[in-house]
Amino acid sequence: MSAVEEAANEAPAVEAVPKRAMTLGYGTSLVVLALLIIVPMFLKNFFVFQLTMLLIYALAVLALNILTGGSGQFSLGQSAFYAVGAYTSAILMEHMGVNYALTLPVAGIICFGFGFLFGQPALRLSGIYLALATFALAVAMPQLLKLGFFEHWTGGVQGLVVTKPDAPFGLPISQDRWLYYFTLVVSIGIYIASVNLLKSRSGRAFMAIRDNEIAASAMGVDVALYKTLAFGVSAGITGVAGGLGAIAVQFVAPDGYTITLAISLFLGMVVGGVGWLPGSIVGSAFIIFVPNIAEHISKGLSGAVFGVLLFLVIFLVPHGARQVAMVAQQMLGKLKKN
Amino acid sequence: MELFTNQVLAGIATGAIYACMALAVVMIYQAIDHLNFAQGEMAMFSTFISWQLMQWGIPYWWAFLATLIISFAGGIIIERLLFKPLAKAPVLTNVAGFIALFAIVNSVAGLIWDFTIKQYPTPFGSSPFLGSQLISTHQAGMIGVTVGLLILLYLFFQFTRIGLAMRAAAAMPESARLVGINTSWMIALGWGMASAIGAIAGILIAPVVFLEPNMMGGVLIYGFAAAVLGGLTSPLGAVVGGFLVGVFENLAGTYIPGVGNELKLPIALALIITVLVLKPAGLFGRPIVKRV
């Protein structure tokens with residue numbers, strides 16, 4: 001007997017999010033932007049560094065969000081793309097003396113190609129199978145980076161040390177602060193590009209595939225092309241994030257890019273709200289700060305506290321930060337009426 | 001030739017570990033259509049429970065039996081409390097739930113029993129089996145238990161009413177409900193059984209890899225590889241897949257130049273991806289046909 005599944009009744013892998021619900025309004029965006037510009041001016045260098053990491057992880061979560069929230073495909077393997085991006089930047093800077101800002105587009109393009117190629121076999125997989133295949137990629141990546149064959153370039157197990165760039169034109173700000181604003185500019189550029197991508201014809205094709213693959217192909221969407229394209233774009237953005245990460249941390253090593261990172265990014269997306277791009281920054285805050293908070297609550301039980309918090313999110317706000325934002329918006333609307 | 005036979009034997013011995021784990025993975029996949037990423041941690045926790053019971057002076061086999069019962073109950077409780085409410089949620093939410101469970105179980109085990117590596121006893125002894133240096137009596141016992149478990153499962157699913165009901169609930173939940181099967185409890189039962197099988201796997205593996213909270217990390221990935229190779233819908237496939245992965249891993253490490261110990265894991269993962277791409281249903285699985 002062959003199992004027959006009703007394609008129409010099947011629960012979708014990812015909940016459909018309407019296009020308009022994927023972004024913030026203009027007013028809110030400007031407020032968030034202003035906060036991101038002003039707040040670091042009053043912080044110590046270490047906290048500025050943490051904010052930089054917040055932006056970098058937010059970029060990586062955003063990339064996953066385009067893949068999952070946009071085109072409905074899974075990935076537990078984002079750490080692999082992040083690693084490739086980080087290594088590309090590090091190798092270009094340290095071995096070839098390329099300017100750090102120029103390494104980012106290269107990292108993005110290489111990762112785009114890598115993701116596009118990986119998307120080819122992934123085409124035949126969906127749901128949990130795709131999760132498994134990408135999971136395998138993420139687990140294998142640190143081992144591949146340690147290979148003796150690449151050691152001349154990658155530095156093997158020891159990794160590479162990356163020099164931190166100074167602020168250009170003799171600007172009187174610290175390296176950390178300069179790097180923060182540099183990251184902020186890159187992030188804003190990528191965020192705007194992503195929003196526009198999802199609003200474009202390609203974005204509509206992604207969403208059509210997410211909501212119903214068969215209907216999408218019936219309407220003339222090239223399913224194979226757009227699925228691999230989504231993988232490529234997502235990997236490319238993750239690669240840029242990885243490159244930024246390498247510059248900010250000043251160090252790349254295989255053990256920095258384990259499956260734990262991939263899982264963190266995945267959790268960041270779930271917490272931020274699947275398919276809600278601004279949620280990426282909330283998700284990123286969750287994966288950076290919550291483990292610290294958990295550690296404060298109980299040293300030995302930090303993993304358990306983290307898990308319990310995650311369960312609370314799943315049960316209480318299954319749509320993540322998006323849901324919180326929607327509720328807040330409704331309450332504001334009611335207040336205005338009164 | 002002798003090298004070849006030896007490597008195959010050693011592969012079968014490690015393959016038994018993977019087979020056990022794969023069996024647990026398949027059990028739960030059958031019941032709920034999800035891969036339980038926390039399966040290894042649940043098995044690890046069960047193993048710690050049996051170790052604790054033995055520390056309190058309970059004989060091996062009684063501890064073994066008690067652990068199976070506790071794990072079975074534990075699996076059902078986890079399903080009722082945490083995953084039943086998520087039954088209708090998207091796959092994504094479920095995966096996040098499994099990861100949360102993973103973190104909780106791992107951390108709690110570390111807190112109760114700390115992270116030092118512990119010896120774990122074996123009832124089979126560890127002398128060479130039938131004069132062969134490669135397979136110890138423990139590994140032979142492990143293979144025996146795995147095969148026995150598979151036969152028991154086969155009998156259970158083919159010849160008991162509950163087994164039939166569980167298969168029906170997994171294959172066609174709606175039709176099963178119409179003929180009066182409580183599908184919700186069948187899922188809970190699936191969790192309980194998977195948890196108990198995981199406990200057996202953990203108890204068998206512990207003497208080889210030693211007992212500690214992270215003992216299952218690598219094993220679970222090989223278990224996944226085995227389950228995918230054999231087909232996620234077939235318990236027999238899982239066991240055969242386990243042995244094949246074990247043998248393949250050993251032979252690749254011996255004969256392909258450049259594949260030392262450090263590349264063994266990527267080999268298993270390459271295997272997962274190859275199988276998924278070429279034959280997604282696995283060797284023994286049923287292909288899923290979609291009605292449009």
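1. Helices here are DSSP runs of H or I with at least four residues, strands are runs of E with at least two, and both are numbered from the N terminus. The model is predicted: local features need pLDDT of at least 70, side-chain atom pairs count only at pLDDT 80 or more, and totals for chains, interfaces and linings use all residues. Residues are numbered from 1 along each chain as its sequence is written, while chains are lettered from A and ligands numbered from 1 in the order in which they are written.

2. Helix α2 of chain B covers residues 39-55, and its 17 residues should span 24 Å at 1.5 Å a residue; the end C-alpha atoms are 24 Å apart, which agrees. The expected span is 1.5 Å times one less than the number of residues in the helix. Of the 17 residues of α2(B), 13 are buried, so this helix is largely enclosed by the rest of the structure. A residue is called buried if 20 or more other C-beta atoms lie within 10 Å of its own, exposed if 12 or fewer, and partly exposed in between, with C-beta atoms placed from the backbone.

3. Chain B as a whole contains eleven helices and three strands. Read from the N terminus, the order of its elements is α-α-α-α-β-β-α-α-α-α-α-α-α-β. The radius of gyration of chain B is 19 Å, close to the 19 Å given by the globule rule for 292 residues, so chain B is as compact as a globular protein of that length. This radius is taken over C-alpha atoms, and the rule is 2.2 Å times the number of residues to the power 0.38. The C-alpha trace of chain B spans about 60 × 50 × 35 Å along its principal axes.

4. Buried residues account for 49% of the 292 residues in chain B. Among contacts in chain B with a separation of 6 or more, 73% are between residues 24 or more positions apart. Two residues are in contact if their C-beta atoms, placed from the backbone, lie within 7 Å.

5. Helices α1 (residues 2-32) and α5 (residues 137-159) of chain B pack at an angle of about 35°, and their axes are 9 Å apart. The axes are lines fitted to C-alpha atoms, for helices over the stretch in contact, and angles run from 0 to 180 degrees between N-to-C directions. The crossing of α1(B) with α5(B) is left-handed, a term used if the near helix is turned anticlockwise from the far one by less than a right angle, with right-handed for clockwise. Residues of α1(B) in this contact include Ala16(B), Cys20(B) and Leu23(B), and those of α5(B) include Met142(B), Ile143(B) and Leu149(B). The contact residues comprise ten nonpolar, two polar and no charged. Ala, Val, Leu, Ile, Met, Phe, Trp, Tyr, Cys and Pro count as nonpolar, Asp, Glu, Lys and Arg as charged, and the others, Gly among them, as polar.

6. Phe224(B) belongs to helix α9 (residues 217-230) of chain B. Phe224(B) counts as buried, with 28 C-beta neighbours inside 10 Å. Apart from neighbours within four places in sequence, Phe224(B) is in contact with Leu132(A), Val25(B), Leu35(B) and Ile272(B).

7. Chain A has 14 helices and three strands. Its radius of gyration is 20 Å, close to the 20 Å that the globule rule gives for 338 residues, so chain A is as compact as a globular protein of that length. Buried residues make up 50% of the 338 residues in chain A.

8. Gly245(A) is placed in helix α10 of chain A and counts as buried, with 27 C-beta neighbours inside 10 Å. Gly245(A) and Ile56(A) are 189 residues apart in sequence, yet their C-alpha atoms are 6.4 Å apart in space.

9. Two residues deserve a check of their backbone angles. Most residues other than glycine have a negative phi. Gln250(A), which is not a glycine, has a positive phi near 65°; Gln250(A) lies in the loop between α10 (223-249) and β3 (251-252) of chain A. Asp114(B) likewise has a positive phi, of about 50°, and is found in the loop between α4 (91-113) and β1 (128-129) of chain B. Gln250(A) counts as partly exposed, with 15 C-beta neighbours inside 10 Å, and Asp114(B) as exposed, with 11.
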